[in-house]
Amino acid sequence: MNILALDTSDQVLSVALATEAGVSCTAIDSGTRHSELLMECAAWLCKNAGIKPSDVGLVVCMKGPGSFTGLRIGFSAAKGISLALNIPLVAVPTLDCLAYPLSIWPGIALPAIDAKKGCFFAALYREGQRLTDFMDASPETIFKEIVHSRLSPQEQVILTGCGAQALYSRLTADFSLAHITVNPESRSGGARELLSIAKNGTLNNSVNSGPLYLRKSDAELNAG
């Protein structure tokens, strides 16, 4: 089965396609241009793989948390493809997806997305298992969660995701947190991991669901 994966949850737009011939992926640090480039990237991958868009049998996207606008763009595109082709749609929690390739890391994996206003969307994982709830938290709160969750003060922590470097700077400068590093692939997007999760897991059709938001948007707050 051909699977198309879309990640628009943060600044890096990534799209991946799995066919019988293999996996292809593209990633662009596109900022706010996801809506302009998303379908163009998907069409390009299909063309290069020698298939028609109508040959896709499953579409996968990020569920959130993440950028409000980015998540809406990704979900809208995925739902449109799902309904137009009458194929399933699977949505995967963003932080679970970002932590997925670090399941073999010998310590704590901490995916982070810059949530603005001095906070980060984050969660802590060990051996692929989530240790905390999804957080919309300050660096101070995340620091306390790390201290609480570590098996020892020397347990290694690796940050990943587009917010990794910014959170790393805060944790090391403001709290002198040691034994912490940043995944060099932290800004590569998560579309390839979405494919792996979709192929290896038993996931429910999400065509009737919507994005996971951990806070209200600025528009909602201003209206209230």
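Visitor: In which strand is Ile158 found?
Guide: First, a heads-up: this is a predicted model, where local features need pLDDT of at least 70 and side-chain atom pairs count only at pLDDT 80 or more, while totals for chains, interfaces and linings use all residues. Residues are numbered from 1 along each chain as its sequence is written, and side-chain values use heavy atoms, with hydrogens and water left out. Strands (E, at least two residues) and helices (H or I, at least four) are DSSP runs, numbered from the N terminus. On that basis, Ile158 sits in strand S11.

Visitor: Is Ile158 buried or exposed?
Guide: Buried means under 20% relative accessible area, exposed means over 50%, and partly exposed is in between (1.4 Å probe, protein chains only). Ile158 has a relative accessible area of 5%, so the word for Ile158 is buried.

Visitor: Which residues does Ile158 touch, not counting those up to four places away in sequence?
Guide: Touching, or contact, means heavy atoms within 4.5 Å. With residues up to four places away left out, Ile158 touches Leu102, Trp105, Ile108, Ala109, Leu110, Thr181, Val182 and Asn183.

Visitor: How many Å separate the C-alpha atoms of Ile158 and Asp29?
Guide: Along the chain, Ile158 and Asp29 are 129 residues apart.

Visitor: Which residue takes a positive phi just after H5?
Guide: Look at the stretch just after H5. The phi there is about 50°, and the residue is Ser176.

Visitor: In S3, which residue is the bridge partner of Ser14?
Guide: Strands S2 (residues 12-19) and S3 (residues 22-29) pair in the antiparallel sense over eight bridges. A hairpin of two residues joins S2 to S3. In S3, the bridge partner of Ser14 is Ala27.

Visitor: Which residues is Thr19 in contact with, leaving aside neighbours within four places in sequence?
Guide: Thr19 lies in strand S2. Thr19 is buried, at a relative accessible area of 17%. Leaving aside neighbours within four places in sequence, Thr19 is in contact with Asn2, Ala49 and Ile51.

Visitor: What is the volume of the largest cavity?
Guide: On a 1 Å grid over the protein atoms alone, a cavity is a set of points where a 1.4 Å probe fits but cannot get out, and a pocket is an open set with protein on both sides within 12 Å along at least five of seven lines; lining residues have an atom within 4 Å of a point. Points are joined across faces, edges and corners, and a volume is the space filled by probe spheres set on them. The lining of the largest cavity includes Asp7, Leu98, Cys162 and Gly190. The volume of the largest cavity is about 90 Å³.

Visitor: Which helix gives the largest share of the lining of the second largest pocket?
Guide: The second largest pocket, with a volume of about 190 Å³, is lined by 17 residues, and Pro101, Glu185, Ser188, Gly189 and Glu193 lie nearest its centre. Helices H3 (94-99) and H6 (191-200) are the elements that give two or more residues to this lining. The largest share is three residues, and they come from H6.

Visitor: Which residues is Gly190 in contact with, leaving aside neighbours within four places in sequence?
Guide: Gly190 is in the loop between S12 and H6. At 1% relative accessibility, Gly190 counts as buried. Setting aside neighbours within four places in sequence, Gly190 is in contact with Asp7, Ser14, Met62 and Cys97.

Note on methods
Pairing = 2+ DSSP bridges.
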